[in-house]
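Subject: Structure for you to look at

Hi,

Here is the structure I promised to pass on. Have a look at it first, then read my notes below.

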Amino acid sequence: MPGIPANGAKYYQYHDAGIVYVKDHEKRTPYLSKAVADYESALGFPLTTSYKYDAFYGLGTIKGDLGDFQNVVVYLNEAIRIDSTSADIFFKRGCARNLLKDYPGALADYNKAIELNPKDSEAIRNRNMILRNKSITLP
């Protein structure tokens, strides 16, 4: 595969380990830090864009589980630079921005998620909650 080094097995070792740690729901929490380390190690390899997207998306998701919403936005920004066609990624970034009280940013992300998936009921609900909240001032 282009972009994967001759020692591509090492990349897959880190990438796949990150996935395994995230998917093991029953034992998930203690392994999230390990998953972050593995995804970050995977990013150290010269990767094709689809592999970079997976790693940034995975890191953004894990950082959300860890409550590190600033880095959710950072990692999902990188993933969106690679592929901006996923409603889910805009929804997740919108949730992080909402928790960071970046309501204009959250609203823009929820709107984009709805544009990409008009039936996304969670994005619609979250957008409406922001719009109905009288204490939030939007530009």
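Let's start with the rings: searching the whole structure turns up 3 aromatic pairs. Rings of Phe, Tyr and Trp (its six-membered ring) count as a pair if their centres lie within 6.5 Å; planes under 30 degrees apart are called stacked, over 60 edge-to-face, and the rest tilted. One of the pairs is Tyr-53 with Tyr-57, which is stacked, at 6.0 Å centre to centre and 15 degrees between the planes. These two tyrosines are about one helical turn apart because they sit 4 residues from each other in helix H3 (residues 49–65). Helices here are DSSP runs (H or I, at least four residues; strands are E, at least two), numbered from the N terminus. Tyr-53 is buried, with a relative accessible area of 14%. Buried means under 20% relative accessible area, exposed means over 50%, and partly exposed is in between (1.4 Å probe, protein chains only).

Phe-91 and Tyr-110 make another pair, this time tilted: 5.9 Å centre to centre, with 45 degrees between the planes. Here distant parts of the chain are linked, with Phe-91 in helix H5 and Tyr-110 in helix H6, 19 residues apart. Phe-91 counts as buried at 12% relative accessibility, and Tyr-110 is buried at 0%.

Before you go on, a word about the model. It is a predicted one, so local features need pLDDT of at least 70 and side-chain atom pairs count only at pLDDT 80 or more, while totals for chains, interfaces and linings use all residues. Residues are numbered from 1 along each chain as its sequence is written, and side-chain values use heavy atoms, with hydrogens and water left out.

Now for the charges. How many salt bridges does a search of the whole structure find? There are 7, where a salt bridge is a side-chain nitrogen of Lys or Arg within 4 Å of a carboxyl oxygen of Asp or Glu. One of them joins the side chains of Lys-92 and Asp-88 (3.7 Å, N to O). That pair is about one helical turn apart, because the two are 4 residues from each other in helix H5. Lys-92 is partly exposed at 26% relative accessibility, and Asp-88 is partly exposed too, at 33%.

Asp-109 has a relative accessible area of 2%, and Arg-97 is buried at 17%.

Last, Arg-93 itself. Its place is in helix H5 (residues 87–99), and it counts as buried because its relative accessibility is 10%. Leaving aside neighbours within four places in sequence, Arg-93 is in contact (heavy atoms within 4.5 Å) with Val-73, Leu-76, Asn-77, Ile-80 and Asp-109.

Cheers
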